[in-house]
Amino acid sequence: MSKIKACIFDLDGVIVDTAKYHYLAWKRLANEMGFDLTVEQNEQLKGISRMASLDILLGIGKKVFDDGEKQALASKKNTWYREYIQQMEPDEIFPGVIEYLNAVKGHGMKTAIGSASKNAMTILEQLGIVDYFDSIIDGNKAKKAKPDPEVFVKAAIELGIAPQNCVVFEDAKAGVEAAKNGGMYCVGVGSPEILGMADIVVSGLHEMNIAMLDF
Ligand code: BG6
Ligand code: MG
């Protein structure tokens, strides 16, 4: 029988295709500052906090700003990002997500969101999927950025499940590292080249079934 009693899901890039909107908004900010952000460079921004992402972006563009200016830049990016996500429809939930959530819950497992995003509740509410999760830990509740495991550890504590009985679903390298740093199993969602540290890698939750959690 599987040891897994809880599934903790990253949100952006695992449950819903918001990663593309983060990319669009960061790229727009970079372009406004006179440089570009490639898809490859964008991988470094995934999974980490807004301010940590901005620092990496400014490093790529070799730009230096003081704290006040950085707050203004982050806020501008967030305004654009929120404009994009407010247009989002439930069909932007990735294929197989709702079916998989129903399957794990049907097997008596707990479910949680573990996201670095301060916009997580807005997204879950807009998509009408808040009630699928027993615990939601987001960027307002966790202070340390992935690869620190704080966000997942807090979710496990709220669920009352030991880390070694949890599996995390992640699309970001920093997120996979966070799960492993927290002593949890990890399913990478994306490419094996980027997420090689995960226990298994799938291209999306549509590829998952309960038997695959038999770690
Ligand atoms: C993570 C994303 O989920 O949330 C990152 O992968 C993003 O790309 C981070 O920077 C913070 O999101 P937000 O919505 O608080 O700016
Ligand atoms: Mg993600």
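I use "buried" for under 20% relative accessible area, "exposed" for over 50%, and "partly exposed" for what lies in between (1.4 Å probe, protein chains only). The model is predicted, and I keep local features at pLDDT of at least 70 and side-chain atom pairs at pLDDT 80 or more, while totals for chains, interfaces and linings use all residues. Residues are numbered from 1 along each chain as its sequence is written, and side-chain values use heavy atoms, without hydrogens and water.

**Salt bridges**

I counted 13 salt bridges, taking a side-chain nitrogen of Lys or Arg within 4 Å of a carboxyl oxygen of Asp or Glu. I looked up lysine 105 and aspartate 134, whose closest N and O atoms are 3.8 Å apart. Lysine 105 belongs to helix α5 and aspartate 134 to the loop between α6 and β3 (135-137), so this pair ties together parts 29 residues apart in sequence. Aspartate 134 is partly exposed at 42% relative accessibility, and lysine 105 is partly exposed at 30%.

I next looked up glutamate 32 and lysine 76, which form a salt bridge with closest N and O atoms 2.5 Å apart. Glutamate 32 is in helix α1 and lysine 76 in helix α4, 44 residues apart.

**Nonpolar core**

I then examined the largest nonpolar core, which has 50 residues; such a core is a set of buried Ala, Val, Leu, Ile, Met, Phe, Trp, Tyr and Cys residues joined through side-chain atoms within 4.5 Å. Phe9, Ile15, Leu57, Phe133, Phe169 and Leu213 touch the most other members. Domain 1 (6-16 + 90-213) and domain 2 (19-85) both contribute residues, so the core lies between them; the bounds come from an automatic or database domain assignment.

Note on methods
Chains are lettered from A and ligands numbered from 1 in the order in which they are written. Helices (H or I, at least four residues) and strands (E, at least two) are DSSP runs, numbered from the N terminus.
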